[in-house]
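Me: I have a structure open and would like to go through parts of it. Can you help me read it?

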Amino acid sequence: MRGTGCLRGWRWAAAAAGLAAVAALPARPAAAADDDTVARLGHTRWTHGNAVRVLVYPEESWQARLDLVERAQHHIFISTFSWHEDQYGGLFREHLARIVQARRESNPDFQVFCLVDATARGTFDRSFRRLVEAGAVVRSFNRQSWGVGPLYDPRMHDKMIVVDGRWAIVGGRNFADEYFDPQRWWLDLEVELEGESVWDLQLHFLKAWQVSNLFGNAHRFFMSEEAARRSIAALWTTGRLPGGKSPLDRYLTADYFPPVAGRPGERPVAVLYDSPLVRRRAASTDLVVELVRGARAEVDLMTPFPNFPGDLTQALTAAAARGVRVRIFVNSEESALRRGPFLWAGVPTLIELIGGGIEVWAWSGSNQVAKAFASAGCEPRAMPPIALHGKLVRIDDELTIVHSSNFNIRSTYYNTEAGVVVRDAAFNAELEGLLDGLISLEDQRWTCGEQIGDETAARLVEQLGPDDIGRLRDAVGNRQGWVDELGLLW
């Protein structure tokens, strides 16, 4: 295991710092491990020569979004689970609307497609009018239409921005204050991409875009659920509908998928995408289970909602039993993003993991930091995150997954999800440094504005052990039965 990273001054810097048809993507020399578990179980391929940058901190992630859409000359594609009508949600909507207006003045064919989960679109529908008036097209994913309900429990949970088929951001952040407000932020993770991996990510967006069109099409009224699912699965796996037509053909041009000039970077990347309309169970979860089973030395997993499917829990405990160091990063009860059944649903998994000898690290920054600062009258220059929302898996020293999936029951069976696998030791080390840095904050000191001297903060993170199992069992109490039944929640 590499040395522990150290986070200084609350900056949270880790120590280890033309295309004719997509079906005929240009071949690149295959690495020896290309025909491996990732490609097979992830239903994906390795792309090579990618530039990859991890985005962790709210300021850098916000600026990366602004810069990314500012580059656009031909199109912007966005999918998101939630887009709030708050400060940062509104600011990005306005920024995007200005770009649409400016670009369409000189290029009427400039396109902006926004795909938003139907639940979020319904809640914040008025907020999108300015975007639509500017010329963007906004669709709800899996909405009720023509008197016909959605095809499944509606949850489009993937989050991506793709620009000109050349650059992209994918990960766990929605558009809301809690992801970008540096004074009250959730720690989240995403990657900025350049290279052939962007083609693969964009193709998944376009398939989802066409699927959303089916939901809102009058033909849906005359289709059985079975026929609709069959059409969607055929489109996703072959690029064509059962009758042979492809709604994707119009996009298979060099305008949408421009040739990659040289090698923007050196990192191999495989894009992961899950949809319960295509496969009953998420390929990403199957992949994580198998990678954990094959881990030799280290496994790290971060998620805010750890109600894992049984085989993932078993793979994690089996890995620990054979000597693999396994660490799980979750929120404590104080910083839980959702309470009630959303919190209780993950407790049985945590009890089993702790009993299996796994390091479970619970982030308690939300409550503890607020109390410590208030008692000291402190206004620090920068605030630590109030909660964890990142979704990350590290396997040994090379493979790293950054995803929108929580790797839990909900993500495995009910959500669309998107992420990437990066095969690179330096990238892996950077994320390990971040996790080591979180652990180092069991006790931390901060500087309070212009005050002289330091104050000692309360513990921000703690390792849960066998002594906590009784307390966790008490928290679930006699709710165990119906908590299990509600395991699909979040």
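This is a predicted model: local features need pLDDT of at least 70, side-chain atom pairs count only at pLDDT 80 or more; totals for chains, interfaces and linings use all residues.

Me: Ok, helix H16 to begin with. Which of its residues are buried?
Reply: Helix H16 covers residues 469-476, and its buried residues are Ile-469, Leu-472 and Val-476.

Me: Where do they sit around the axis?
Reply: They are on the same side of H16, because they cover an arc of only 60° around the axis.

Me: Why would residues spaced like that point the same way?
Reply: An α-helix has 3.6 residues a turn, so residues three or four places apart point the same way.

Me: What comes just after H16?
Reply: Gly-477, which takes a positive phi of about 55°.

Me: New topic. How many aromatic pairs are there in the whole structure?
Reply: A search finds 17 aromatic pairs. One of them is Tyr-251 with Tyr-256: the ring centres are 5.1 Å apart and the planes are at 85°, so this pair is edge-to-face.

Me: Are those two tyrosines buried or exposed?
Reply: Tyr-251 is buried, with a relative accessible area of 4%. Tyr-256 also counts as buried, at 9% relative accessibility.

Me: Which rings are linked into a cluster?
Reply: Ring pairs link Trp-62, Trp-83, Tyr-88, Phe-92, Phe-128, Phe-175, Tyr-179, Phe-180 and Trp-186.

Me: What sits over the ring of Phe-128?
Reply: The charged end of Arg-93, 4.9 Å from the ring centre.

Me: And what lies over the face of Trp-46?
Reply: Arg-423 does, at 4.2 Å from the centre of the ring.

Technical notes. Residues are numbered from 1 along each chain as its sequence is written. Side-chain values use heavy atoms; hydrogens and water are left out. Buried means under 20% relative accessible area, exposed over 50%, partly exposed in between (1.4 Å probe, protein chains only). Helices (H or I, at least four residues) and strands (E, at least two) are DSSP runs, numbered from the N terminus. The arc is that of the directions from the helix axis to the C-beta atoms. Rings of Phe, Tyr and Trp (its six-membered ring) pair if their centres lie within 6.5 Å; planes under 30 degrees apart count as stacked, over 60 as edge-to-face and the rest as tilted. A charge sits over a ring if NZ of Lys or CZ of Arg is within 6 Å of the ring centre and within 35 degrees of the ring normal.
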